[in-house]
Amino acid sequence: MRYIDFYRTFSPFGCFDVNQVKLVEPFFDRTALTRWVAKGYLVPLRNGVYAFSEWLKTPDTHFISACLMYRPCYITGYSALAYYGMIPEFVAQTTCATTLKTCSFTNDLGVFVYQHMKPELFFGYNPVNVTNQRSFYIATPEKALIDLLYLNPNIKRVEDMVELRLDEDFMTEDFDWNKAEEYLKTIKNKSLNKRFNNLIKAYRND
């Protein structure tokens, strides 16, 4: 398969895995990928996952790639909070929840951290369609914040909640406290409930 033909078929996806290629070209020669990486056309993200070089600087590239490199997963924690504008800081690494084992990858796009989540807690996320061929999954603002607390038990005091520097306008106008409390009822974790109560003390003005 010529590169120009390969590019026309798969460039709309931005990144792809070998299984996607095999579905279109069952007899595709994988050594072609090695040649195209050497020529700078493609960038390896992890075993069997590649991206087109010019695509690396497009919006939401790291989120789309994150959800392809290690599945199932969804964007959560600080990464999701930054996406929604809930925290002021730039977040260098991309954090995901997964039902698989905890792991991390580093490639040309940055650092990707996947934190294990029990299957019964793997909910509260939605798809974001960037284009018809490109999408990613991300936690709702409420689940992203709950995941952050769940995965970081050291964040527990009211002072710790304040240090998160959550946007007060967002927490007052856009954050759905009722939805968050419904999530907590599903999770059924007493320690998490106590820490969430301290979040309420820090940011909820009734």
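At what angle do helix 9 and helix 10 pack, and how far apart are their axes?

## Packing of helices 9 and 10

In this predicted model, helix 9 (residues 177-187) packs against helix 10 (residues 190-203) at an angle of about 170°, and the axes are 11 Å apart. Helix 9 is therefore roughly antiparallel to helix 10, since an angle over 145 degrees counts as such. The crossing of the two helices is left-handed.

Helix 9 contributes W177, A180, E181, L184 and I187 to the contact, and helix 10 contributes L192, N193, F196, L199, I200 and Y203. By type, the residues of this contact comprise 9 nonpolar, 1 polar and 1 charged.

## Overall architecture

The protein chain has 206 residues, of which 46% count as buried. Its secondary structure consists of 10 helices and 9 strands. Taken along the principal axes, the C-alpha atoms fill a box of roughly 65 × 30 × 25 Å.

Contacts between residues at least 6 apart in sequence include a share of 59% that join residues at least 24 apart.

## The nonpolar core

The largest nonpolar core holds 70 residues. The members that touch the most other members are F6, L33, Y114, L145, L166, M171 and F196. F196 also belongs to the helix 10 side of the contact with helix 9.

Not counting residues up to four places away in sequence, M171 touches M86, L145, L166, W177 and Y203. Two of these partners, W177 in helix 9 and Y203 in helix 10, also take part in the contact between those helices. L145 and L166, for their part, are listed with M171 among the core members that touch the most others.

D147 has a relative accessibility of 2% and so counts as buried. K143, at 0% relative accessibility, is also buried; the cut-off for this class is under 20% relative accessible area.

Leaving aside neighbours within four places in sequence, D147 is in contact with Y74, T76, M117 and A139. With sequence neighbours left out in the same way, K143 touches Y74, T76, M117, L121, F123, G124 and Y183. The C-alpha atoms of K143 and P153 are separated by 15 Å, with the two residues 10 apart along the chain.

## Backbone exceptions

Most residues other than glycine have a negative phi, and most peptide bonds are trans. Where does the chain depart from the trans form? A cis peptide bond, with omega about 5°, joins R71 and P72. P72 sits in the loop between helix 4 (61-69) and strand 4 (73-75).

R165 is not a glycine, yet has a positive phi of about 55°. With a relative accessible area of 51%, R165 is exposed.

K188 likewise has a positive phi, near 55°, and is a residue other than glycine. K188 belongs to the loop between helix 9 and helix 10, the pair that packs at about 170°. K188 has a relative accessible area of 70% and is therefore exposed.

Terms used: Residues numbered from 1 in each chain as written. Predicted model: local features only at pLDDT ≥ 70, side-chain atom pairs only at ≥ 80, totals over all residues. Heavy atoms only, no water. Core = buried A, V, L, I, M, F, W, Y, C linked by side-chain atoms within 4.5 Å. Buried < 20%, exposed > 50% of the residue type's maximum accessible area, 1.4 Å probe, protein only. Contact = heavy atoms within 4.5 Å. Axes fitted to C-alpha atoms, helices over the stretch in contact; angles between N-to-C directions. Helix = DSSP H or I, 4+ residues; strand = E, 2+ residues; numbered from the N terminus. Parallel < 35°, antiparallel > 145°, perpendicular 65-115°, else oblique. Left-handed = near helix turned anticlockwise from the far one by under 90°. Nonpolar A, V, L, I, M, F, W, Y, C, P; charged D, E, K, R; others polar.
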